[in-house]
Structures are given as structure tokens and as C-alpha cells.
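Let's walk through this structure together, one piece at a time. Keep the 3D view open as you read.

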Amino acid sequence: MANLSEHMTKARDMGLDNGRVPVEYYTSADYFRREQDMIFRRAWLMVGRVDEVPEPGDYIVRDLPTLKASVVIARGKDGKVRAFHNACSHRGVALVCQERGNAMTFRCPYHAWVYRIDGSLSAIPAEQDFPHVDKATSGLAPIHLDSWAGFIFLNFAQEPEATLPQFLAGLDQMLEGAPFEQFPFCIRVTDEIDCNWKNLVNAFNEGYHVAILHSKTLRPAVVPKENPHLHYLDVKHFGPHSAGTVQRNFDYNPQAPALTWVYAQMLPTSAPDIAAIEEGRAGFYEHPGINRLKIPNFGTETITIFPNISIQPLANGYLFYQFWPINEGRMRTEVRIYSRHAPRTLREEYAMASTLAATRDVVVEDMAMSRLQQIGFESGGKTHQQFGQNEPLLRMFTRDYEAYLQGKGMGQP
Amino acid sequence: MTESVNLPAGFEDLAPYAAVWGSLETQEERYLQRQHSTMKDLKAYYDATAPRLNAIFDHLDQFPMDALPDSEALLYRTALGLTETAMAIEVFNQPRVPYAPFPHKMAIEWNEYR
């Protein structure tokens, strides 16, 4: 790198002068209701991977706390993946009670109305008593579904204002062909925390805190001497979505015995596979949309998909974070650690459990701060928080958040 | 149940740690156990097991991972506690993640695995 600082994108470089942001966005029940209607009922929301339902008849049930939605995602006999509200057309029962499975029909446990895997209503017991029900139009209520790179997105609008590719606004093109499917094995960690969801969104959108909050966990592995505040590099933006390049400290050489033993069994997801990189089979590292600067000590590309997703491709897998508001002061964090395969030996299983503990503890640090932040916000002494020149993505998120609340954001002028 | 199962020959000295960590089945339970432990107890357990990870897994390697005999399964569960304890000893120098709520539970799901 001739001059790293040239690539440290500042807020002013992106024309973002909103350095003071109202605390009210983070504490008000009214704002939360507007977020439900103007963001979460309009944006495309990622809810899983198509490989979670690989075969015809495979289904999963997901609950989306923000919209209080219970959703069935099922692959039909025709191979098509569909999504439905999990609610019987008769008297509303959330009829699919298993979290995942394989079936060709769903039968309501209350009165045995039966639906096909494509959501259509196939049988009503004592049908003669329901002459007013048109079976052809009384299937499970469909939800718009599309997928990109194997990720399933839903849209809860009656008619989406934009297609998924329009919504992704070029982020999809930059990441075209990125090998997410090479990392099918997933460990999922979830937690509910007393804080506004945007606190966590913001934490993943700046590296400024890494050397401080994560001084014992991430800092030694990630923060390089030449970028002590871990400024994101080469920030790219696509509509409300973004990506920034993050370095890694290649001098990191852990000496702690238990951790070192884990590294010897199986490379953790977050560690660079130097041998693989040298052999040109480095997964995401080879992708042209990732690490465009070709920095030698590349760590990850932090990819933010509006409104509530952060994806971090790593040499040996990827991390996926999702932040669901429950109300203005409570949220659910979901972390998924994706790797190449399930553990094949006890040594690998131990190594994965160890990596999981380490990854979780970093997120726990972020969640702990987000909770303390909420306590501070709600104390009421401050009307605004400050976003620095080195926090451009926080300002950008806020700009696009405001646009959505005003009914814009999805390609409208 | 674990009271009636003994550790494999050569690992009998880990019995005090098996009594604590060997009864835990999930990572969620191990995370909570770490939070509720003192550094003194964690350090004693760490000192007894960390240097023997190779010996433990050399022994476990002789068995199919999906069909460990009871004694080996106990030894494996005992070793797994180190995945949490190492964070306390090698990283934080305290049992809990700083500033986190206590006790802190986190749901962990290994997708369609075992």
C-alpha cells in the first residue's frame, strides 16, 4: 500500500454532514412503529439460505419478531421455494409447529384443514358446512420471496416497490459469484438484549471501537500497526447498502496454549488460510468484488445489507449477523458462523466449539456496550449522539433510515 | 448418571473436573458454568487439562466419534469445558465477558448436526 490513508473513506468524502443524530430515533415507541411500517414492511428481508430447504417437501419455520410474523418457507414438488404466513385459513392457527421438516402436506391440528406444500388448500373436513369458502383462493397467505446468492429474501408489502435486484442496487453485482455455497455448515447463536437494534447495526459499521472495546479479543488478531483505529478502507455504497474493507494483523501469533492447540486442529473461520491463499483457492479472497485494493493483510469485507444484516466473508467461511427489533428498547441478535463442512472428527468439533466461544464473546462485548448505550440514551440527558468523520457508514445508514421513514429509499426520487 | 461412569485409565486424576464439566451436555451450559466459576477453580481446571489436550485426543481418536464409550464420552465432555475456560484464562483474565449482563444465556444451535 503506497498510502493507506488515501483509502480511509471519510464521511466528507461521501458528502455526509449529518454528524449529530437524534437519540429519539433510538428510544421512541413512535419511531419503532414507523420502522415496522416504513422499513420492515417495505424492504426485502433476508431470512435464511435456500440450502436449508434442499429437497422438495423440505420446510422451515421462521419467526420475525419485528413484524410478529411466523413464516413457513417450503420447497414445492416443482422445486420452487415459497413463503407463507403460518396461519390456517379457517381460524388462524399457526399450524406448522415443527421448526423444520419434510412433508407434502400441512394439516392444521385444530380442525384438520389440509394444505399442500405449495400453500394451496386441499381439504376441508365437513366441507359442506363451508359453502362460502372458495378453496382455490383460500390457501396459506403467500409472502413475496426471491433469492440472491442462495440467500432467501422476503418482502411483506402487498406489492413490493422494487424487485430484489433493484433493492440490492448493485451490491449483488459486485458480489456476483461469491462462493457462499462453499460454506454450507452453520452454527447459529441467538440472544435478546435490552437495546435498540440500530446500536448493533452501528457497532458493525465502524472499526473505531475495535482496539478499545475488543482490546483483549479482536484487537491482537485484527488491528494492524498502520491503522490503529481500524478505519474501514475503500467504502463502497449501493443504495442503502455498503461494503468496507477491513484489515487483519498478519503479525498475530497467538501463544496461549489452548488457543494454539485449537489452531493446530482446524483453522478457525476467522483466521486467514495462508496456504490456501498462496495456492489460489482462497474462497472469498479471490473474488474481484472483495478486497479491491488488494491489501496484503486483508481481513474481511464488512458487507451491510439494509436494514439489518452484516456479512463478513473470511478466508475460511463467513460470519452473518442479523439484528431484529422487538420494540424500541429490545432486540434479537442472530449470529451464524458458516464453514466448509460439519466437524468430521472430535478434534474438529472441539476446535469449532472453541471458535464459537471466541466469536460469541466478541459479539457479547458488542451487545454489552449496546445495552449500556441504551441505558445512557434512556437516561435522557442527551438529545443527540455524535458520528465522526471516521464513522461514515453510521451517517449513511441514518440518511437512508430517514429516507425510508419518509416513504423513499427504494428507488423513488 | 455420571457418578457411575469412570474416566478412562490414565485420566483418573481429572475426576474432580469431570464432576463439574463432565455433566454438561451443551455449550450453553458450559458458558454458564464458566460465568459461575471462580478464577481459582477455572485456573486449576485449565492447568490440569490444557497441557493434556493432545493426550486426551490421542486417546479419543481410537473411537468412532458417534459411538464413544461412556468413559470416553465423559472424558470428551470434560475436555470441552476448556473451550469456555480458555476464554476466561487466556483472554479475559476473569470468568465473565466484561460489562455483559450476569448470568448471561445465549442460545446455540448446531444446524442439523449429530
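Find A:Tyr59 in this predicted model: across from A:Tyr59 you'll see A:Gly101, which sits in strand 6 of chain A. That strand is the partner of strand 3 of chain A, residues 58-64, and the two run antiparallel, joined over 3 bridges. If you're wondering what holds such partners together, strands of a sheet pair through backbone hydrogen bonds, either parallel or antiparallel.

Now zoom out to the whole sheet. Chain A has an open sheet of 7 strands, paired antiparallel, in the order 2-11-10-5-4-3-6. At the edges you'll find strand 2 (45-49) and strand 6 (100-102) of chain A, each pairing on one side only. From one strand to the next, the twist averages 30 degrees.

In an unreviewed entry, UniProt places "domain: Rieske" at residues 44-154 of chain A. That span is 42% strand and 0% helix, and its end C-alpha atoms lie 5 Å apart.

Hop over to chain B for some helices. Two packed helices are described by the angle between their axes and the distance between the axes. Helix 3 (residues 39-49) and helix 5 (residues 70-92) of chain B pack at about 120 degrees, their axes 10 Å apart. Helix 3 of chain B and helix 5 of chain B are therefore oblique to each other, and the crossing is left-handed. Who touches whom? In helix 3 of chain B, the residues include B:Leu42 and B:Tyr46, while helix 5 of chain B brings B:Leu82 and B:Ile89, among others. By class, this contact has 8 nonpolar, 3 polar and 1 charged residues.

Methods:
Residues are numbered from 1 along each chain as its sequence is written. Chains are lettered from A and ligands numbered from 1 in the order in which they are written. This is a predicted model: local features need pLDDT of at least 70, side-chain atom pairs count only at pLDDT 80 or more; totals for chains, interfaces and linings use all residues. Two strands pair if DSSP finds at least two bridges between them. Helices (H or I, at least four residues) and strands (E, at least two) are DSSP runs, numbered from the N terminus. Axes are lines fitted to C-alpha atoms, for helices over the stretch in contact, and angles run from 0 to 180 degrees between N-to-C directions. UniProt positions are given in the numbering used here, feature names are shortened, and annotations may be inferred rather than shown by experiment. Angles under 35 degrees count as roughly parallel, over 145 as roughly antiparallel, 65 to 115 as roughly perpendicular and the rest as oblique. A crossing is left-handed if the near helix is turned anticlockwise from the far one by less than a right angle, and right-handed if clockwise. Two residues are in contact if their C-beta atoms, placed from the backbone, lie within 7 Å. Ala, Val, Leu, Ile, Met, Phe, Trp, Tyr, Cys and Pro count as nonpolar, Asp, Glu, Lys and Arg as charged, and the others, Gly among them, as polar.
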